[in-house]
Amino acid sequence: MNIFRLSGDMTHLISIIILLLKINATRSCRGVSRKTQELYLLIFICRYLDLFTNFISLYNTVMKTVFLSSTFAIIYLMRSHKVIKQTYDKEQDTFRTQFLIAPCAVLALFLHSEFSVFEVLWTFSIYLEAVAILPQLVLLQRTQNIDNLTGNYIFLLG
């Protein structure tokens, strides 16, 4: 196993755990961009389409499942939980994600290693992941309120 991949996976996993613990402990998603979370869900769906067709290793399958389910859980809490959804600041989280998605899709159509559905979607997810944090950063800049757990989440995500 590549040590860089392992360390990247672990820091991303720790960032998601911190975010879930923050939302659960405070019963609030204040300071968290739902648009960034939705972009990450799109990234994971596009990248992990091969989850049920191509077994690589138990570690790979578990990590893919954890990233998909935990990101979905965060979005579910922010959209559907009766207490948490009331703390979401929709007026501040106004970043237009289509300005990130469209260029990444165009780039993936033209800059990829082979022209297949899986490869283009995987390439799209790589390009989108590079800019998916922007809605979160814009939200934090607008609200100017960064608590410790949100700051740790962003640090570990990067």
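Before you click, note that the model is predicted, so local features need pLDDT of at least 70 and side-chain atom pairs count only at pLDDT 80 or more, while totals for chains, interfaces and linings use all residues. Residues are numbered from 1 along each chain as its sequence is written, and side-chain values use heavy atoms, with hydrogens and water left out.

**Stop one: the pocket.** Select Arg 5, Asp 9, Arg 47, Tyr 48 and Phe 67, which lie nearest the centre of the largest pocket among its 19 lining residues. A pocket here is an open set of points on a 1 Å grid over the protein atoms alone, where a 1.4 Å probe fits, with protein on both sides within 12 Å along at least five of seven lines; lining residues have an atom within 4 Å of a point. The space inside is about 400 Å³. Now colour helix H1 (3-26), H2 (34-47), H3 (58-80), H5 (117-131) and H7 (148-157), the elements that each give two or more residues to this lining. H1 gives the most, with five. Helices are DSSP runs (H or I, at least four residues).

**Stop two: H7.** Pick Thr 150, Tyr 153, Ile 154, Leu 156 and Leu 157, the buried residues of H7. They sit on the same side of H7, because they cover an arc of only 170° around the axis. Buried means under 20% relative accessible area, exposed over 50% and partly exposed in between (1.4 Å probe, protein chains only).

**Last stop: Arg 27.** Go to the loop between H1 and H2. Arg 27 has a positive phi, near 55°, though it is not glycine. At 41% relative accessibility, Arg 27 counts as partly exposed.

Note on methods:
Grid points are joined across faces, edges and corners, and a volume is the space filled by probe spheres set on the points. The arc is that of the directions from the helix axis to the C-beta atoms.
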